[in-house]
Every structure is written in C-alpha cells, then in structure tokens.
Amino acid sequence: MKKITSKILIALTIMLSITACNAQIKNAKTDTIKIYGNCGMCKKAIEKAGNVKKVSLVEWNIDTKMATLTFDTKQTNSAEILKRIALAGYDSDSFLSPDLAYSNLPNCCQYDRTKKTIAKTEAPKMKMDTANQAIQKSSLEIEESNQLNNIFDKYFEVKDALVKTDGALASAKSTALLSAIKAVKMDKLSMDVHLVWMKVLTDLQEDAEHMANTKDASHQREHFIRLSDNIYTLMKVAKYEQSVYYQHCPMANDGKGANWLSKENAIKNPYFGAQMLTCGKTVETIK
Amino acid sequence: MSIKIIIKIKIILFGIALLTSSCLSSKSFQISPGRIVHYELYIKDSLVSFGGKEKRAIAVNGQIPMPTLTFTEGDTAEIVVHNLLNEGTSLHWHGLYLPNKEDGVPFLTQLPIAPNKTMIYRFAIKQSGTHWYHSHSGLQEQLGMYGSLILLKKREDPAFRNGIDDIPQIPVILSEWTNLKPENVHRMLHNASDWFAIKKGTTQSYTEAIKAGHFKTKITNEWKRMLAMDVSDVYYEKLLINGRNESQIKALTPSSPIFKSGEKIRLRISNGGASTYFWLSYAGGKMTVVANDGNDVEPIEVDRLIIGVSETYDVIVSIPAENTAYEFLATSEDRIRSSSLYLGSGVKQLTSPLPKLKYFEGMKMMNGMMNMDGSMDDMGMNMSLQKMDMNVVMYPEITGAIKKKDKAMKAMKMTEDNYKSNELSDIVTLNYAMLKATTSTTLPEASQLKELRFELSGNMNRYTWSMDNKVLSEVDKILIKKGENIRIILYNGSMMRHPMHLHGHDFRILNGQGAFAPLKNVLDIMPMETDTIEFNANLEGDWFFHCHILYHMMAGMNRVFSYENQAVNPYLPNKKWAYKKLQRESNQIHFMASNDFATNGNDGMAMLQNTRWSLSTEWRFGYMNTMGYETETHFGRYLGKMQWFMPFVGFDWRYRQQIGEINFQEHNVFGMLNSKDNRSLFTAGFDATLPMLVVFQAEVFQNGDFRFQLMREDIPISKRIRAGFMINTDKEYMFDLRYIIRKNIGIRTHYDSDMGFGVGINLNY
C-alpha cells in the first residue's frame with residue numbers, strides 16, 4: 001500500500017513538474033537564429049537580454065553561435081527578442097547593435113562585426129591607405145614626435161571620458177593609452193626626451209593599467225592624478241603640436257588639489273565631471 | 001477577433017496610403033498650381049488594439065492617423081468633413097494662415113459639426129511647409145484625430161532649395177496611445193491620482209529614496225509641498241510613428257526602387273501627441289534640421305532634438321550603407337516608451353536607446369529651485385530658448401550614470417554651465433537659439449507696438465494650469481487692432497514645460513539671430529525660462545493662444561486674441577454666448593469618490609471640483625447604531641496660485657447610540673462638551689496645506705465649539721503602499737495603511753479612535 005501511494009506521489013510530482021514546464025510558455029513557438037558572440041559571458045548576456053518570464057526563453061550555443069528562441073506567439077515574436085539582444089550589444093542577421101552597446105561589451109565579447117564592416121569599410125579604408133602612405137613618406141623626425149603625440153592624444157581622450165564621468169569609455173581609452181605607451185620605440189626618442197621617458201614609464205604604465213582595468217570613474221580619477229603629472233613632465237620636454245593648458249582644481253583629490261592637461265583654455269573638470277564642471281583654473285600654458 | 005483583424009488590415013492599408021500620398025506629393029510638382037484640391041474625410045468611431053486591448057478610437061477614412069493631406073502653395077483646399085460620430089467634432093489646420101471661420105475651433109470660430117452633419121472647409125493655401133491637422137473638440141485628438149498636412153513649394157519659388165525641397169520626403173506623425181478613456185485620464189490628473197506614476201515606476205516613495213541614498217532629498221521635497229517629480233503626466237501604453245509602434249520604409253513607394261546607400265531623405269515630422277514630448281535620434285549619423293513649424297531654417301546638423309507637443313520639424317537623414325535599414329527613434333521625454341521607424345532595407349541598425357532618467361537627481365534640482373511659497377528661484381541664471389535644460393541632471397548620457405553621493409559636491413553652487421547640455425558633452429542637442437531663418441523676418445513698420453506679459457502658472461497637486469493665475473473662464477478676450485505689432489513676453493513660473501501655440505499667425509522668436517529670428521507657431525517654454533515672441537496682427541478674427549498639452553488646454557491654460565471691429569463670422573453669429581460655452585468647456589467639474597468597506601464600518605469620501613471650487617463630503621458609517629454614523633460636508637474655494645489655502649462652509653451630522661443607561665458625554669481638549677453622539681451643526685473653517693503636505697483644518701461650529709485637525713493622506717511608503725493619519729482636538733485619531741492593487745482597488749487597514757481596528761477593501765473612482 002505504502003509503495004503504491006509513494007508511486008502515485010512520484011507520478012504526480014513528475015506530472016506536475018511537466019505541466020509546470022509546459023505552463024512556463026504558452027502558445028510556444030521555437031525559432032533557431034544565429035546571434036554573434038564569443039564566450040560564456042556572451043552566452044549569459046544574450047540569454048539574460050532575451051529571456052522574459054513566461055514569455056520568452058533563449059538558449060545560445062557557444063560553438064555554433066545559434067540561439068534557440070522559444071516564445072509565446074500571442075505575446076511576442078522573434079524580432080522583439082532579437083531587438084532586445086541587439087540592444088544588449090549582440091548582432092544578429094535582423095538587427096545590428098548600437099555602436100555604444102557594442103563598445104561597452106567586455107573585451108572578450110567584442111566579436112568581429114562582419115556585417116557592419118562590409119557595409120562601412122570602403123570609405124574609411126581609403127583614408128587609412130592615404131594616411132599610411134603619408135606616414136611612409138614622412139621623415140624619421142616626425143615619426144619620433146608622433147610616437148609621443150599618440151600618447152598625448154590618447155591621454156586627452158581619457159580625460160574627455162572622465163569629464164563625462166563615463167567609466168566604461170575611460171577604461172577603453174586607457175587601454176588604448178596603454179598600448180600607445182607600449183608601442184613607443186625608445187631608441188628613436190631624442191636624448192632629453194628619452195631621459196624623462198625612462199623616469200615616468202613605470203608609473204605611466206601602472207596608472208594606465210589600473211584605469212583600464214576598472215570602469216569605476218572614481219578609482220580611475222585617483223590614478224589620473226599621477227598620470228596627469230607624468231604626462232605634464234613628458235610634455236614639457238617632448239612638445240605637442242598645439243598649445244596645451246595645464247589646469248588645476250583645488251577641490252579634487254579630497255581637497256588637496258589635482259592637475260590635468262587640456263587642449264582648450266575653458267575649464268572642463270575631469271575629476272568631478274558635470275557635478276562641478278567648471279571648477280579650476282589654467283595655471284600654465286605649454287606652447 | 002474579426003474586428004481586430006479588420007483594424008490590422010486597415011493599418012496595413014494605411015501604410016500603403018501613406019506611401020501613395022508621399023508618391024502623390026512628389027508627382028504634384030508637375031500639376032499646375034492654382035487648382036482646387038478636394039478631400040473627403042469620414043470621421044467614424046472605431047476599435048483598435050494598439051495597447052494590447054481593444055479600445056475605442058476615432059478613425060478617419062478608416063485610418064489612424066488621419067490621411068496625409070498634400071497641397072501646393074497657391075492651391076485652394078476644399079475639405080469635406082462628414083461627422084459619423086455620435087458627438088460633435090471639428091478640424092483645426094494647425095499652423096495655417098486662413099480665414100478665421102475656417103480655423104476649426106468650436107465655439108470660437110464655428111459651431112461643432114453635429115453628428116451626421118457635413119461641413120466644408122475651403123481656403124487658399126498661402127504658405128508652404130510641414131503642418132498637421134487635428135480635432136479641436138474635447139479630447140478627441142487623443143483618440144486618433146491627428147494627421148499630416150504637407151504644403152509644397154512651387155518649383156519656381158525663389159525660396160525653393162535644391163537638395164532639400166527636391167529630395168524624397170516622408171511625412172512622419174508622432175502620437176501616443178492610452179488604454180484609458182481620455183476623459184478618465186483628465187479626471188485622474190485632476191484628482192492627483194498616482195496611478196500613472198505606479199505604471200511608470202516613478203512613485204519616488206520613501207523606500208526607493210532611502211535605497212538611492214536620497215532620503216533627505218525626499219524629505220525636503222515634501223517639506224516644500226511637492227509631489228513626486230516627473231517630466232510628463234500621463235502613462236501611455238504605446239507610442240506611435242504614423243500609427244505604428246515599429247515600421248519600415250524601404251522605398252518611397254512600393255513600386256519605386258529601394259533607397260540606395262548615400263541617399264538623402266527628408267522626414268517631415270509633426271508631433272501629434274496629446275501630451276508627449278519626443279526625443280528624436282537616428283542610427284545613421286547626424287540629422288540635418290532644415291525647417292521648423294513649417295518655416296525654413298538654415299540647415300543645422302544635430303545628434304538629437306526634442307520635439308514639443310504640436311511642433312513640426314523637417315530633418316534630412318541619409319542612408320549610409322547598402323543592405324541596412326537605419327532606425328529613426330522617437331522616445332518619450334520620460335523615456336518610458338519609444339517607437340521606431342526603419343529607413344532602408346536589410347538588417348536593422350539600431351540606435352542607442354535613451355537611458356532611464358535619474359529621478360532623484362531631478363528631485364534634488366527641483367528642491368534647489370523651489371521657494372517655500374511655491375514660486376521658483378532661478379538662482380540668478382538667465383534661462384531662455386531651451387539652451388539650459390534643468391533636466392540635464394537626470395540624463396545619464398550627459399551627466400554620467402547614477403553614483404553614490406560625492407561629499408565635495410554639497411557646497412557647490414549651481415551655475416549656468418551645469419545645465420548647458422551642448423557644453424557638457426559631445427552630443428549636439430538642438431535648441432531654439434540655433435535656429436536661423438533663411439530670409440529676414442523683421443515685422444513691417446506699424447503705428448503701434450503692443451507689449452503683453454504672461455506668467456505661465458499652475459500647480460501639480462490640483463492640476464490647475466493657467467496664465468497669470470487665471471484660467472480662460474476667468475478672463476475676457478484680449479483685444480488687438482489690425483495692423484499693430486504685438487510683442488509677448490512669456491515667463492514660465494510653473495513646474496512643467498508648456499508648448500504655447502498661436503492660431504492663424506507665425507511669430508518670430510527673438511533668439512539672438514537678429515533679423516533672421518526664426519518663425520514659429522509653437523513655443524516650447526521650460527520652467528523658469530523667459531522668451532519673447534512678436535508678430536504682426538495681419539489676419540482678423542478670434543485666435544486661440546494656448547498650451548498644446550491637451551490636458552493643460554482643457555484645464556484652462558488659454559487666451560483668445562480678438563481683433564477689434566472684425567466682420568461677423570457667418571458660422572458663429574452669437575459670439576458672446578459661444579465664448580461662455582468655450583470658457584465652460586475648459587473649466588469642467590471633476591468627480592472623485594472612494595469608500596473603504598472594512599470590518600469595522602464604511603469609511604469614504606466624494607468630491608466635486610473645478611479650478612477654484614470644491615464640494616466634498618466625508619463619511620464614516622458603522623454597521624450598528626452603537627458604532628455611529630457621521631458625515632461632514634464642506635463647500636470651499638481654493639485661494640492663491642498654489643492653492644494651499646481653502647476657506648469653507650459646511651454641515652456636520654452625527655448619530656451614535658450609547659451602550660447602557662448612563663449618558664456619558666465626552667469633552668474635547670478645550671474642555672468643551674462634545675456633541676459626538678448627536679450632532680447637526682453648520683460649520684465654517686479652512687483647510688491649509690502645511691509643509692510635508694499635512695493639511696491643517698480649523699473649524700467653528702454654529703454652537704461656538706471649535707475643532708482643529710491635522711491630516712496627511714497618501715504618504716508614499718513604497719511603490720504601492722500609502723500611509724495616512726489624522727488627529728484632532730475632539731480626541732479623535734486615525735492611522736491607515738493602504739496597498740494599491742489596481743487603478744481602482746486597494747486593501748486598507750486602519751485604526752480609528754471611534755470605530756477601532758479594521759481591515760477592508762478600498763474602492764475608488
């Protein structure tokens with residue numbers, strides 16, 4: 001008797017769980033669609049963006065890049081699901097993600113955007129070619145200063161990102177800064193620049209690395225203080241192609257004050273962003 | 001079900017109709033102008049399911065939006081309107097210069113078109129540009145009565161611009177849909193219902209404030225007697241572009257070739273929404289603004305722009321790549337909803353959606369701007385022309401994502417630069433100062449310059465909207481003379497932005513462009529802004545000047561400019577009577593009621609209110625004589641701009657049977673004998689709203705007794721939980737908690753000094 005009841009119980013639970021599973025999504029329809037992505041993190045993000053309780057369920061396969069979309073046909077359709085996934089940064093053959101969403105993806109998830117590049121490369125490629133030719137033609141001297149100019153340019157981009165208090169962007173720009181630092185061919189630097197370069201290199205790398213590894217703008221700002229000082233030292237000897245303003249905000253760095261460099265005289269504070277955008281003044285103009 | 005299918009088919013048909021109409025527009029260049037262009041419009045009740053449920057709408061020729069009407073400058077328009085509704089209707093030609101009797105404002109320029117009657121509007125087309133048309137009767141516009149009205153330039157017109165006037169063009173009309181009846185929306189707004197905030201997730205309750213680290217912000221906000229802040233009032237189920245939430249246009253017409261890469265398209269955009277401002281952005285790069293309110297402006301490239309209710313903008317977009325459709329995105333200002341139009345064919349390139357607003361930052365900003373008396377303090381900043389957007393503090397894409405409070409910030413003074421969106425980021429947002437007319441717009445020399453000043457006023461708590469704290473029913477028409485120049489200085493002293501629209505004229509907005517000040521017929525004015533507009537009075541008649549947010553207009557935020565000694569309007573011979581009707585329409589009486597069916601009795605209230613007057617009654621009915629019955633009825637008038645003070649007269653009636661034989665009498669705190677058990681007394685007193693939104697009530701009864709009471713209702717504890725309390729000098733007190741389940745239903749528990757503890761269902765209307 002006991003056995004029978006337990007069997008009935010088991011049967012009941014199984015039945016219930018099955019119906020529960022079925023009850024998850026009514027009027028279910030399944031589509032299999034390719035979604036671009038790379039890794040396990042992508043899988044998580046894609047599924048999270050696509051899933052809506054009792055309405056849609058997405059399973060993405062890392063190897064095949066194919067997603068199985070199961071959804072309630074009365075409440076949604078595959079286009080709606082794919083749009084949500086695209087807004088999270090992942091392209092499909094029906095939707096291309098906004099550039100911002102794509103660039104905010106973790107590095108490992110930044111898959112190759114085939115569609116987009118086919119459609120758009122032509123014009124920029126041409127420009128790149130001419131630019132390359134120009135570089136080839138240019139003398140060694142220009143190349144030398146260009147080496148550090150590239151670092152300065154990247155620095156200004158990091159600064160602009162901090163003005164906007166955009167930690168993700170600042171992180172991306174810091175990564176670019178870091179690779180610019182690493183790309184410098186020291187033997188091609190002139191003597192005096194070389195000396196300064198050797199002095200600041202370790203700190204520059206460390207600060208850029210820290211800033212690249214976090215998306216927290218307040219942490220980035222801590223490192224930005226020393227980074228700015230070192231870039232300033234470097235710029236004093238290496239010179240930049242235009243006038244640069246060395247600016248100071250007395251309230252930054254917990255009231256101890258901090259400096260930064262800007263291409264324009266108007267104050268746009270990278271330590272506070274919009275909260276106190278105009279705090280500070282120009283203390284030196286580097287020509 | 002079958003109806004639903006029909007509607008869907010209609011919508012598809014509309015899509016085709018839209019395309020054909022744009023096809024017509026491109027062909028019509030060849031037809032010689034000066035012709036009579038005839039349209040027949042059939043206005044009919046219809047059912048739609050835009051918001052997932054089948055609801056009543058009004059369709060014209062079976063379409064929502066109404067069909068696009070296209071004319072060429074110099075044509076004569078002949079539009080036959082057949083009213084197949086059970087109510088009166090009208091059509092207003094927004095932004096057009098036309099004889100006053102054709103302007104389509106019921107009780108101002110004509111009588112409503114009666115059910116089953118026909119009216120013919122006939123007027124010469126004297127201008128070009130993107131305009132639109134809509135019903136000016138009641139709240140019909142919200143139900144679908146809006147459509148594009150495209151006036152083309154003649155080829156030989158010296159103002160014809162190559163590359164702008166001769167490229168493919170698509171009429172785009174924006175709108176929104178609510179599943180609620182518009183009348184109910186209107187009523188709920190006046191009753192300060194927070195249902196829309198619950199639906200939008202913008203209750204800004206104490207729990208949410210604490211979680212966000214903004215407890216102090218919330219306290220200050222309530223101390224200054226403000227309700228939760230928002231940038232728009234109504235929750236909409238769906239936003240629509242050309243009547244659809246998502247749609248795609250691959251080619252100008254079904255038979256023409258699909259858009260090529262590099263092709264430029266002119267979007268003629270009208271905001272036909274009843275109360276929604278839309279942010280416009282595009283996935284295929286910058287947009288070039290070439291016209292505003294039907295008037296050409298020098299082309300200007302922007303990343304995004306906000307289009308006020310009833311404004312029109314012409315923008316040129318391009319299709320950068322082959323085999324890609326680019327998203328044109330319209331997002332409501334509150335960023336709760338959006339609508340997409342894809343231009344081109346192939347894979348759809350999306351544009352970044354606008355991130356959620358940082359509401360508590362907005363609340364903090366409002367706290368800083370608001371004085372204790374409800375007026376606003378601009379902190380010495382000169383605001384005008386949309387250049388400074390206070391709401392920028394809420395935009396994550398400009399001012400960064402939400403972060404924990406920065407200690408250093410507190411002491412900082414806000415300056416103008418903190419609000420100039422274009423200087424804070426790389427995103428170029430259009431504002432009025434950037435608009436420049438293509439030709440000189442200086443007014444003709446006139447004998448007289450008449451200067452008028454208006455302060456836009458209103459309060460959110462009772463949803464009254466007015467000019468100089470007067471609604472239309474409290475003012476006469478403003479008389480002007482033909483030929484004189486009129487200059488209007490507007491200051492917005494209210495907490496909402498208002499799109500002010502003038503009928504029959506374009507005005508210049510003095511925006512620093514000198515002789516090239518742009519011409520407009522709608523001026524969006526943000527809180528605390530001051531703007532100056534001017535126009536030449538050159539078209540006689542009675543012209544409406546009003547806020548184009550439908551629910552603000554219906555609340556009385558209107559004026560009428562009336563030309564002296566004007567000819568009699570054949571459609572409306574009795575203007576005096578008609579003006580009274582018009583005044584009454586925008587000061588309607590709103591009803592609200594609620595009752596708590598609890599274990600210890602019934603507890604409820606009912607109220608009739610208009611802009612100034614209030615008739616309300618409260619009751620508490622026990623289930624037995626020993627529990628007692630009582631009602632209090634008050635009739636009062638709200639005073640002042642913020643309406644925080646209301647003197648009233650009233651009548652109190654109470655009955656309660658005592659248990660046992662001892663007739664035990666109670667005294668109040670002043671030692672006066674209390675007639676709690678048997679009372680029939682007249683009373684006089686006042687309600688005053690104190691900081692923290694506590695209502696202080698003082699009253700004197702006819703027998704000389706008096707009573708003071710403190711009460712607060714609807715303290716937002718969490719998203720759906722509200723608390724309230726009451727205490728008075730009759731030693732009565734009450735405390736309650738309410739959980740809002742749906743729009744009209746809640747669960748309420750309360751403790752009442754007379755009736756004890758109770759739990760019940762709360763119904764409200």
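User: How do you know that E32(B) pairs with strand E45 (residues 756-764) of chain B?

Analyst: Five bridges join E32(B) to E45(B), and the two run antiparallel. A pair needs at least two bridges found by DSSP, so this one qualifies. One example of facing residues is B:Asn595, which stands opposite B:Leu763 in E45(B). As for the names, strands (E, at least two residues) and helices (H or I, at least four) are DSSP runs numbered from the N terminus. Before we go on, this is a predicted model, where local features need pLDDT of at least 70 and side-chain atom pairs count only at pLDDT 80 or more, while totals for chains, interfaces and linings use all residues. Residues are numbered from 1 along each chain as its sequence is written, chains are lettered from A and ligands numbered from 1 in the order in which they are written, and side-chain values use heavy atoms, leaving out hydrogens and water.

User: Which way does E32(B) run against strand E33 (residues 601-609) of chain B, parallel or antiparallel?

Analyst: E32(B) and E33(B) run antiparallel, and nine bridges join them. A hairpin connects E32(B) to E33(B) through two residues. Within this pairing, B:Phe597 has B:Asn602 of E33(B) as its bridge partner. Strands of a sheet pair through backbone hydrogen bonds, either parallel or antiparallel.

User: Why is strand E32 (residues 590-598) of chain B called largely enclosed?

Analyst: Seven of its nine residues are buried, so the rest of the structure largely encloses E32(B). Buried means under 20% relative accessible area, exposed means over 50%, and partly exposed lies in between (1.4 Å probe, protein chains only). In chain B, buried residues make up 60% of the 765 residues.

User: Why does B:Lys224 count as buried?

Analyst: Its relative accessibility is 16%, which falls under the cut-off, so B:Lys224 counts as buried. B:Lys224 lies in the loop between helix H5 (215-223) and strand E10 (238-241) of chain B. Leaving aside neighbours within four places in sequence, B:Lys224 is in contact (heavy atoms within 4.5 Å) with B:Asn367, B:Met370, B:Met372 and B:Trp644.

User: And A:Lys29, what makes that one partly exposed?

Analyst: A:Lys29 has a relative accessible area of 40%, so it belongs in the in-between class. It sits in strand E1 (residues 28-34) of chain A. A:Lys29 and A:Asp72 are 43 residues apart in sequence, yet 6.5 Å apart in space, C-alpha to C-alpha. With neighbours within four places in sequence set aside, A:Lys29 is in contact with A:Leu69, A:Thr70, A:Phe71 and A:Thr73.

User: Is A:Arg221 buried or exposed?

Analyst: At 8% relative accessible area, A:Arg221 is buried. Its place is in helix H10 (residues 217-238) of chain A.

User: What makes E22 and E27 of chain B edge strands?

Analyst: They belong to an open sheet of six strands in the order E22-E21-E24-E29-E26-E27 (chain B), with mixed pairing. The edge strands are strand E22 (464-467) and strand E27 (519-520), as each pairs on one side only. Elsewhere in that order, two bridges join strand E26 (residues 507-509) to strand E29 (residues 530-536), which run antiparallel. There, B:Ile509 has B:Ile533 in E29(B) as its bridge partner.

User: How many cavities does the structure hold?

Analyst: It holds 15 cavities of 30 Å³ or more. A cavity is a set of points on a 1 Å grid over the protein atoms alone where a 1.4 Å probe fits but cannot get out, and lining residues have an atom within 4 Å of a point. The second largest cavity has about 110 Å³ of space, where a volume is the space filled by probe spheres set on the points, with grid points joined across faces, edges and corners. Its lining has 13 residues, with B:Phe544, B:Met553, B:Met554, B:Leu582 and B:Glu585 nearest its centre.

Notes: 1 Å grid on protein atoms, 1.4 Å probe; cavity = no way out; pocket = protein on both sides within 12 Å on 5 of 7 lines; lining within 4 Å.
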